[in-house]
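Visitor: I would like a close look at helix packing. Please take one part and stay with it.

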Amino acid sequence: MKNLYERNEYVINSDVNVCFEQLLNMDETQFREWVVKLRKVIKHSWDTFGCPPRTGKNVKEIVDKWNEIENFPVHKFTHTDELESFSNDVIINKSRLGSEVDQFFENMFKTRINYTENDNGYSIYDLVSDPNREDQVYRGSLRHFRRDSFYSHALSTIKNSAKYSVISAESGEQWIETFFKNPEIFSGKDFLLEEVTIRDGLNSGYFQIEQSDILQLTCDQVKKYIDCGWLQYRHYSTFDVENMSDDKVYSIRLYSKGKKIFPSGFKAFRIGYIQPAVNFPPGTAKYLYERYIPTGSKATIYDPSSGWGGRILGAMSVRDDRTIHYIGTDPNPDNFFDDGTSRYSNVAEFYNTKTYRGNTFFSDTNTYEVYQLGSEVIHKNENFMKYRGEVDLVFTSPPYFNREAYSEDENQSYKKYGSSYESWRDGFLKPTLQTCCDMLKCGGYLLWNIADILIKNDYLPLEEDSKNFIEQNGLVFVEKLKMAMEGMPGQNRVGSDGIPKCKNYCKVNDRYYKYEPIYVFRKDK
């Protein structure tokens, strides 16, 4: 299939794909050599086969997964926020439905991420190609691979829990004594020690658990077991054993031997070293289309920022009791080809021809057209404007100012209008929203997924400015939906008080989630 990367067999089958315990046994020089080689292998796979540091699926696997999309019960994504008690206002999509659409956009991970108003960010590709970032990747690899920061290999041992610790032990000493005196119980297992600062209360991080519930050793106990010959370098290679202190404890983390670093290790490049560009979940897009487009309708959808294909896949997969025509805009030249096709048409045609949906015995396919133009200037295109006043639903997730530098093309909004947030707001956001409102028919809906972003310890008011522009164009606010950020570690971090650290959060089934707002407006006249 043209312009589709498949499973990253090159990295997975390379000799850099060592077992976790091999990394723990490497000294500093050996580990740095491994990181240097890893960067070269990943870059070669990307440059030669178009495979970024992702696992990927082959064509048959993608078809099998996409055959599930049409009849997937997306209505089950809705939940009530226990903090506000608004019915059906939280969307939780744990399915990863259609996430393989990323494989049509290998350039997605070449997107630079800016953390300030300056256009000076870097991308995942820069991590493996820029010689000046070797030390950055080395330091990150110590954390993500050697210390296993994502808990992909080694899990904390829990007091009085054979489920998590093989045996039920009341203390770290009891667990260590059993491990070395009765090795047959732990066949195929080993452990590492993780140095952590002593604290009271809940662990600050991804898991709400009392630190005291984790089996751990004191500094003196670690020294005792080193002196007696039980603890070897691999057990304590993640910290400086010569400079232990009494304000630290050493948690015991158990792992199964023989498990390779990849494919699970790709997670480090996707979310560890840098915030990546992210795709809108196709299943969530499908849910929103079906929520706001009545059964039996022939509906036209406009997506002003087609992004990385998540929303066009969601549109193609809308149930057969609706007929959809998807219209998208995107100025990014990297997503369009000289033969008149695009990455978007590749996604749509793959779905329309290779899945069950392509069999006319079952259904007709949904249709699409995508313009290589920015949403702030698309109103100048006569062919596009034939839909003025005819669009049933506008739905998108626009650029968050300059946070994601999708390409280096001068037509990207962050380059055309990015001298300041205000210039971007007035040059891009305002005319884009005016066009959205003009295109809607009476009774049509505008769904706007936007969130304020933090720049220099202050939030840019993307949400408020968007709402003001929409209301100035006469649309009526209907509701705010909360799209829970379920899939990415780091999204749901909590403080030691058990309260989320993020700005927008909700609570479902007694669990906190970070969310991004989706503002819903209706055109009544």
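How are α3 and α6 oriented to each other: roughly parallel or roughly perpendicular?

Guide: First, the basis. This is a predicted model, where local features need pLDDT of at least 70, side-chain atom pairs count only at pLDDT 80 or more, and totals for chains, interfaces and linings use all residues. Residues are numbered from 1 along each chain as its sequence is written, and side-chain values use heavy atoms, with hydrogens and water left out.

Now the pair. Helix α3 covers residues 28-49 and helix α6 covers residues 134-146. Helices here are DSSP runs of H or I, at least four residues, numbered from the N terminus. The two axes lie 10 Å apart, at an angle of about 110°. Axes are lines fitted to C-alpha atoms over the stretch in contact, and angles run from 0 to 180 degrees between N-to-C directions. α3 and α6 are therefore roughly perpendicular to each other. That term covers 65 to 115 degrees; angles under 35 degrees count as roughly parallel, over 145 as roughly antiparallel, and the rest as oblique.

Next, the residues. α3 contributes E28, F31, R32, W34, V35, V36, L38 and R39. α6 meets them with E134, D135, V137, Y138, S141, L142, F145 and R146. Contact means heavy atoms within 4.5 Å. By class, the α3 contact with α6 holds nine nonpolar, one polar and six charged residues. Nonpolar means Ala, Val, Leu, Ile, Met, Phe, Trp, Tyr, Cys and Pro; charged means Asp, Glu, Lys and Arg; the others, Gly among them, are polar.

For reference, another pair: the axes of α4 (residues 59-66) and α14 (residues 343-354) come within 10 Å and cross at roughly 75°. α4 and α14 are therefore roughly perpendicular to each other. Their contact divides into seven nonpolar, no polar and one charged residue.

Notes: Helix = DSSP H or I, 4+ residues; strand = E, 2+ residues; numbered from the N terminus.
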